[in-house]
Amino acid sequence: MKKAVFTLFILLLAARSCFYVDDSQYRVEIDPAFNPVLHFTSNFDTIDSIRIVDSLVFKYEISIDTGKLYYADLYLGNLQLFRSDTLADSLWLYPYYINDGEMYDITIIAYFKKYTGSLADILDAEPYIADTSWRVTFFKNLE
């Protein structure tokens, strides 16, 4: 009896793998009606050579014409400084924990919803990414 049940179980598993599904019938290319445009602005935009000698506030703003921001990560080099879920934020930068005279990139990576209409987008599981960066030099003392 056990042998017959085992054989039937193996046949059911093998038969399940023999079904053919035509992918072209269910495949859908999602073409969103609009593509959101992201713009990053900062108080560093107007400065040509950014030199940080003392503490300095870094303010940024993210504008999305159509879309929704999930969150934005701010990096100094490869070090993640913080994560924010607001469109505008600020952070004080101090030169004390950075090597003197070295250049670093301050990078913002924004994860946002694009409203493509796909199932992943409806479930908020399909973030799109945009980023920008500013090059800064830290000096501990001005000499």
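Predicted model: local features only at pLDDT ≥ 70, side-chain atom pairs only at ≥ 80, totals over all residues.
Select Tyr128 to begin: at 26% relative accessibility, Tyr128 counts as partly exposed, a class between buried (under 20% relative accessible area) and exposed (over 50%), with a 1.4 Å probe and protein chains only. Residues are numbered from 1 along each chain as its sequence is written, and side-chain values use heavy atoms, without hydrogens and water.

Phe112 and Tyr128 form a tilted aromatic pair, 6.3 Å from centre to centre and with 40° between the planes. Rings of Phe, Tyr and Trp (its six-membered ring) pair if their centres lie within 6.5 Å; planes under 30 degrees apart count as stacked, over 60 as edge-to-face and the rest as tilted. Phe112 belongs to strand S7 (residues 103-113) and Tyr128 to strand S8, so this pair ties together parts 16 residues apart in sequence. Strands (E, at least two residues) are DSSP runs, numbered from the N terminus.

Next, select Phe58 and Trp134. Their ring centres are 5.3 Å apart and their planes at 70°, so the pair is edge-to-face. Phe58 is in strand S3 and Trp134 in strand S8 (residues 128-138), so parts 76 residues apart in sequence are tied together. Phe58 is buried at 1% relative accessibility, and Trp134 is buried at 9%.

Definitions and conventions. Helix = DSSP H or I, 4+ residues; strand = E, 2+ residues; numbered from the N terminus.
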